[in-house]
Amino acid sequence: MEFAFTPRQRLLREAVREFMKGECDPAVTLELAKKKQFPWEIYRKAGQHGFLASYYPKELGGQGIPLLDYCIMMEEMIRHDNRIGMALSLGSIPAKVLLRFGNEEQKKRYLPKLTKGEAVSSIAVTEPNHGSDIRFLDTRAIKKGDEYILQGSKIFITNADIAEFYTVFAQTDPDAGPYRGISGFIVERETEGITAWDIGDKIGIKTTSSCIIEFREVRVPKENLLGKENHGFIYIMEALNEGRIEIASQAIGLARGAYDRALAHAKTREQFGQKIGKFQNIAHMLVEMSENIESAALLCYKALWLFDQGKMDLATSLQAKVKCPLVAIDTCLKAMQILAGYGLFEEQFLPGYLGDALATWLLEGTGQIQRNTVASQILGKL
Amino acid sequence: MDFELSNRQKQIRMAAREFAEGELLPIGKECEEKGDYPREIIKKAAQLGFIGVFFKKEYGGLGLGSLEHAIILEEFWRAEPGLAQVLSQTVFGTDMLLLYGSEEQKKKYLPPIAKGAWVSGFAITEPEAGSDTASASTLAEKVGEEYVINGSKVMISNGTVAHFILVYCLTHPEENSKTKRHSILLVETDRPGYKADRIHGKMGIRAADTANIFFNNVRVPKENLVGTEGNGFLQLMKFLDHSRAIIGAQAVGLSQGAFEQAVQYTKRRKQFGRTIASFQATQFKIAEMATLIETARTLTYKACWAIDRGHPDTQLSAMAKWWSAQVAIRVVDEALQLHGGYGYLDDYPIERYYRAAKILEIYEGTKEIQKLAIGRRVLGTP
């Protein structure tokens with residue numbers, strides 16, 4: 001067992017830290033969050049530095065590094081500035097289905113723009129009546145000649161109002177049994193019949209929108225079908241399971257960020273004539289936060305390491321997706337407690353960290369749904 | 001709303017405390033070590049009127065309510081949980097007689113219990129029917145004017161010492177509804193075919209009698225039916241509304257006792273040149289324990305209050321039992337922790353409290369079953 005970061009991992013982390021320090025201005029970040037705007041400027045610069053989707057192969061504009069190395073970078077970005085870091089990482093996660101199941105032509109056409117920071121993508125699965133339950137979808141894709149006609153609506157779709165393209169999932173076979181009638185498509189946002197708009201204020205992930213998309217008789221060429229017809233559910237699951245480890249990494253970054261701020265406060269703030277870190281209650285809270293983060297991070301790294309070995313383990317990945325967000329939420333609450341009154345203000349970033357931590361618990365499958373899957377992995381069929 | 005106990009209730013508490021500290025505390029450790037069942041102590045408690053206070057006067061009681069019964073047991077459990085369990089289970093099952101028994105049954109069976117001459121029991125659990133009581137298979141067949149009982153029950157309080165046991169029997173196996181198949185029969189333990197083996201090796205409360213019971217063609221006259229034929233399950237549910245609130249009181253008493261020991265110990269014990277009570281970590285623990293106990297006590301009293309008003313509340317009783325037992329487990333754990341290594345030795349009583357506490361989360365419905373009961377009350381049957 002080897003627990004040390006490789007020299008490359010350390011270098012990448014340093015580089016990202018320097019980049020974030022140089023590029024992020026807290027005042028600008030707060031303004032972006034307030035206006036709910038995507039940080040395009042930093043996103044493009046991060047793309048030029050090779051910090052976006054760096055695990056993509058080189059021919060697709062990536063750096064060809066392992067997912068673990070990429071996640072260490074992402075963790076560091078979010079740790080430094082969650083509003084920016086989350087936006088940077090959420091640009092490419094939605095394109096995972098395309099990366100894993102698209103054909104060469106499709107991948108070459110759409111993916112390099114993501115690594116360069118020129119575009120963001122969205123994945124459109126969730127519908128008003130299908131959240132955790134996606135055995136069937138209400139959005140229909142009907143084949144007509146060389147095209148599919150998309151009809152229906154999607155909800156809570158990250159970045160759908162600014163994305164260059166979506167991977168959309170729709171019911172192609174309405175008579176199929178559960179899970180068996182869904183297909184995936186690549187759909188460009190600027191296609192006739194598509195309307196997408198942000199649906200309002202959220203507690204977290206404020207620099208990325210959450211949209212409704214309406215598809216009114218949208219014509220999609222059959223070349224844009226992802227993989228095989230009616231295999232969509234399997235693609236979603238495979239891609240999500242990989243994306244979920246990234247979500248776990250985001251949560252670790254959030255927890256570390258909140259912890260850093262609490263630690264700094266405890267070392268400087270004085271009450272009753274001493275640094276508040278000298279009070280046992282504060283000290284113990286910090287220790288507990290550190291214990292939680294270290295153990296959750298190890299679980300997350302292990303899941304990533306297994307993935308990079310080509311031995312992705314579903315139970316390990318999903319347990320990381322459950323544990324890390326819970327730790328992040330708890331750490332943020334404790335950090336707010338330590339900063340007391342100050343912790344409640346946006347300027348200290350903690351409300352934002354907490355909001356994003358809640359999002360990591362809910363994004364790409366709620367913790368409860370992950371636990372259902374882990375339970376069936378552990379218990380088998382009963 | 002009035003949260004103050006009446007003068008009478010306060011006097012009852014003082015008397016119970018005096019008895020518990022004077023009579024139970026001195027012999028508790030020895031009884032626990034030897035597993036002796038102390039019959040004398042039951043007689044003494046009965047002479048002072050502590051047994052069956054909630055029986056009407058014509059049945060030998062004091063005509064008081066569940067709340068007074070709860071206060072007495074709370075004080076017993078505070079001083080000495082092991083012997084308190086002996087005195088708690090002395091009347092176990094009598095609520096069933098009070099609720100559903102005939103006038104003759106009440107007059108015949110309750111007064112000797114209030115006098116301390118007899119103890120009762122209630123046999124529900126079977127090897128294959130724990131939480132799932134509706135699966136109980138101990139069979140009672142009606143033959144002429146008698147019932148003939150065959151089967152076995154496990155982990156039954158007072159099995160070897162009770163004068164009579166109420167037995168939850170299967171009388172209508174052909175009935176479609178699982179909740180209409182059972183009836184409750186009163187079985188005197190001197191009837192031929194009744195056999196009870198005391199169980200040894202319990203984790204705690206070792207002085208209390210617990211037995212496995214076997215019925216081999218045990219005949220009882222039809223007058224021994226308690227309530228209505230086929231109504232056993234529903235009667236049991238109503239009964240549990242009463243008994244579960246009382247478990248809450250036991251848990252509150254145990255918590256209070258453990259808590260007071262922790263307070264005393266931390267004020268005396270010195271480390272790093274000061275009492276450990278002067279450390280913030282200790283103070284916060286004590287504060288948390290005190291708050292938890294207060295919530296458990298208030299909830300338990302409210303559940304008892306509902307019973308005494310003639311409106312037992314399934315949800316409140318289940319909440320009182322689950323929450324108070326959980327509080328007991330947490331409080332006793334922290335109390336032992338504060339004793340450090342000494343807490344682990346039997347020089348201090350705290351380890352006995354620790355061992356006694358766990359049963360509170362198990363008997364008369366595990367904590368999981370309590371949560372089911374609460375969930376169903378809140379949500380209806382989804």
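Entry 1. I note that the model is predicted. On the side of domain 2 of chain B that touches domain 3, I listed 7 nonpolar, 5 polar and 1 charged residues by class.

Entry 2. I checked the extent of this chain B interface. The contact involves 13 residues of domain 2 of chain B and 10 residues of domain 3 of chain B. The buried area comes to about 950 Å², with 69% from carbon and sulfur atoms. In domain 2, Ser131(B), Met203(B) and Ile205(B) lose the most area to domain 3, together 43% of what that side buries. The C-alpha centres of the two domains are 30 Å apart.

Entry 3. I turned to chain A, whose assignment gives domain 1 (7-115), domain 2 (121-232) and domain 3 (234-379). I took domain 1 and domain 3 of chain A, whose C-alpha centres lie 20 Å apart. Domain 1 puts 25 residues into the contact and domain 3 puts in 29 residues. About 2,500 Å² is buried between domain 1 and domain 3 of chain A, 64% of it from carbon and sulfur atoms.

Entry 4. Which charged contacts cross here? The rule finds 6 salt bridges between domain 1 and domain 3 of chain A. I also looked up the salt bridge of Arg83(A) with Glu346(A), where the closest N and O atoms are 3.2 Å apart.

Key. Residues numbered from 1 in each chain as written. Chains lettered and ligands numbered in written order. Predicted model: local features only at pLDDT ≥ 70, side-chain atom pairs only at ≥ 80, totals over all residues. Heavy atoms only, no water. Domains from an automatic or database assignment. Contact = heavy atoms within 4.5 Å. Buried area = accessible area lost by both parts, 1.4 Å probe. Nonpolar A, V, L, I, M, F, W, Y, C, P; charged D, E, K, R; others polar. Salt bridge = Lys/Arg side-chain N within 4 Å of Asp/Glu carboxyl O.
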